[in-house]
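Open the model in your viewer and keep the selection tool ready.

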Amino acid sequence: MNAVETSPSLSGALERMDLAVSGMTCAACARRVERTLSEVEGVQECSVNFATRKASVVFDAKTTSVNALTEAVASAGYQAEVPKAEGSSEADSAEEKGLRRRLAVAVLFGLPVVVMAMSHGALDFPGSNWVQLLFTLPVIAYSGAPIFKAAWAALRHRSADMNVLVALGTGTAFLYSVVATQWPTLGASGEHAGHGDHGAALPVYFEAAAAVIGFVLLGRFLESRARTRAGDAIRRLQALAPANATVLRDGVEREVPLSQVRVGDEVVVRPGQSIPVDGSVVEGASSVDESMLTGESLPVEKSAGAEVFAGTMNSTGRLVFRAAKVGTDTALQQIVQVVERAQGTKAPIARLADVVSGVFTPVVLLIAIATFAAWFVLAPEETRLTMAVLNTVAVLVIACPCALGLATPAALMVGMGRGAQLGVLVKSAASLEGASHIDTVVLDKTGTLTQGRPAVVRIITSGDMTERDVLALTAAAESGSEHPLARAIVAEASARELKVAKPESFAATPGHGVEARVEGRTVFVGSRRMMERHGVSGSAEAERALTSDGQTPVLVAVDGKWVGAIGIADPEREEAASAVQSLRSMGMHVVMLTGDHEGPASRVARALGIDRVFAGVLPEGKAHVVRTLQAEGRKVAMVGDGINDAPALAQADLGVAMGTGTDVARDAAGVALLRSDLRGLPAALGLARSTMGVIRQNLFWAFLYNALGIPVAAGLLYTMTGWLLSPMLASLAMSLSSVSVLLNSLRLRSLRLPAAQPVA
Amino acid sequence: MLDTTEVMVVASSLVAAAATALFFFGPRKRTRAKSETGGAQQVDLMVDGGYRPDRIVVRAGMPVKLNVLRTDRSACSEQFVLGDLGVSRTLPTGRVVSIDLPALKEGAYDFTCGMNMLRGRLIAES
Ligand SMILES: [Cu+2]
């Protein structure tokens, strides 16, 4: 049922209640309970969770009561009651506990069987086979129960998984051993029954059955641990938003569950609390730590009008803000969704593995059947049944579709999660794979490499006045001007904490400059033409020095005499140089693209160490530049703002949107850097390379493992070396193979990407 | 020469192999989506060690709503992937996840688990 928009006066009486429901046997039951509850008058929202047997109901306490709810459920044929307090992840931990218990039973009863078998008859006594049978029984029936149950479920769907292979393998070993215990001379039956008693009793392999189940459970236990860690990054992101929020309704602070916060609510956050939903501040001032969301390490000051985001941490002051985005609309949830969706996408590299794993299990079953027949026919008569069974079981238990299936998703999950932590969002597995092949990076100058606004970068004086005095006088003269160059000068003066006098008079000549009276002195500020008009000379050399460096010169004269020149340019961003350097050390060809003239463009390129410059490119020409580079055989990544650059981003082999901040839904790019920091780019490319490297290792290992393991288990080496793989070893190898794929993927969790470290 | 037992074993192996292949790769039963008046076609899909039903026939050109319920806890089935349509969802055990699909063009759309081991097919027909 959908949430109903509630008026503020009514919402005050809304209550959320979890009911424990019993008597449900299937999903249809759950839906019936859900429908019943939502039809009760006053119920606003209702969902029934079949797994936890819980109904979560939001209702209006004025029109309905808990009793009415339980009665309604009872009338539908189920029972509902108010549950005792309990943890939410109970089911999961119960499952792990169960797994541990089953494992313990397998070890307790299986170990004696294995020891007896390994003793090669030294521990045998009359009836010892029966004792082994007795010990193996609980391992099969209790420890192995989930495996057999899951296998049955899969077979019912005419599909086959890991469990089918293990169940068939252990089942075969066990049943064979039971038969061998009851009829020990069966192997020499038929025409040669007479030879039966020269000690040719059939060997039993109870230890194989018990050990396989033990190893599979052990593998599953390790796997579930590793798997939990693989999803950690996203879970931790998701947990950033608090469970409850304090909202201001009718002037009263009320604590409500997060799901009840509506757009337009006023939300209160105290120092040390995390922000529950997205919104804009209406009252208060505080600094907010947004590092978890954007990777930005410095706290951001927030006051009235500023935007705040769910999951970020309010540190110093109390904030009141109006909720603008709630539920799955918040930036945090958007990020989580983008990553989750991306984790589920298919990487092109995994296509072969997908095809193989789709038919893997049935094919292994066919191989197992062939193995049985071949050994039965080819082995000497006395041992043919034993050999056939043993090798068939080995084939069944060594084959591991899981390693193959896990190879790509596990690495993607860890890699993309790690990326999200670093403020790098990869939109799909295909983009990640594309990113790993990039050799050329195209950067837009303005806003990416430079700050995008003019600033004072150099001051040259004639020697008559200090730099500071020149700047202070100029700033005073320009203080009334709205010109961007003037604003840059004033900003620089205030950044240097200079005392700037108020001009006594001020006159601007458009296109030339200003003339002002400051502290009784006449100040001219402007271009060379301005100086020439007033007969000021001597500035030519300084002017040339600035111009040749791509700066715009602002000349200053006091009382008719030139005193200095201020060079203004769009300065490089602090982190751009180190980002470009990281890219180059990765072997990238770094290309700059700009609409600017050659002069300023090459100044920036020189300062940053960029390989190649395309200057004077119109916005619509960007895609053309990308095509040009691609025609040279390069794999091009284009960095842009995601909106104006959409065609170029789409043309590139990889589009990277930078500084999307919390607006992650932009689509033209395959990778989004949350932070407006170019160092995210080498981080993203490095992450892609490492993740693809791990995927390649995983796939290689999983393929190789199965390609070698299955023939060896089938006994192919026997003809040459007399070597056979025991089912026990086969199952150990199988368990370790999927665990090793997971562990290899988990290495990405602690991936160090030096370029992604914050500014010192 | 093969003795009788060997001949029997080989023969039954061949039969077993054929049966196995037919069992896994043979034709499957198809289930038609329920059409609801005015809304999307509804499909109830159970996930417990496999997809039930695993051959779903829907009408092309009409939106589809998949109500997916996973009842098992195997790690495999946790992801639901409809690759051709760009759908990838996490299925919490025991909770119905509704997936809205747009009107489909005629054709077959495979869905799988995250590891590509469980498989089913959505068939859009006119
Ligand atoms: Cu699996």
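This is a predicted model. Start with helices 7 and 8 of chain A, where helix 7 passes helix 8 in a left-handed crossing. Select residues 162-182 for helix 7 and residues 206-230 for helix 8. Angles over 145 degrees count as roughly antiparallel, so helix 7 of chain A runs roughly antiparallel to helix 8 of chain A.

Now show the side chains between them. Which residues of helix 7 meet helix 8? Among them are Asn163(A), Val166(A), Thr170(A), Phe174(A) and Thr181(A). On the helix 8 side, pick out residues including Phe206(A), Val212(A), Ile213(A) and Arg220(A). Residues three or four places apart on an α-helix point the same way, because the helix has 3.6 residues a turn.

Zoom out to the whole of chain A. It holds 26 helices and 26 strands. Of its 760 residues, 51% count as buried. Among contacts with a separation of 6 or more, 69% join residues 24 or more positions apart.

Next, select residues 401-421, helix 14 of chain A. Is this helix largely enclosed or open? Of its 21 residues, 18 are buried, so helix 14 is largely enclosed by the rest of the structure. Check its length: at 1.5 Å a residue it should span 30 Å, and its end C-alpha atoms are 31 Å apart, which agrees. Go to Ala407(A), where helix 14 bends by about 40 degrees. A proline, Pro409(A), follows within four residues.

Finish at Gly423(A), which follows helix 14 and has a positive phi, near 80 degrees.

Definitions and conventions. Residues numbered from 1 in each chain as written. Chains lettered and ligands numbered in written order. Predicted model: local features only at pLDDT ≥ 70, side-chain atom pairs only at ≥ 80, totals over all residues. Heavy atoms only, no water. Helix = DSSP H or I, 4+ residues; strand = E, 2+ residues; numbered from the N terminus. Expected span 1.5 Å × (residues − 1). Bend = angle between axes of the 7 residues up to and from the residue. Buried < 20%, exposed > 50% of the residue type's maximum accessible area, 1.4 Å probe, protein only. Axes fitted to C-alpha atoms, helices over the stretch in contact; angles between N-to-C directions. Parallel < 35°, antiparallel > 145°, perpendicular 65-115°, else oblique. Left-handed = near helix turned anticlockwise from the far one by under 90°. Contact = heavy atoms within 4.5 Å.
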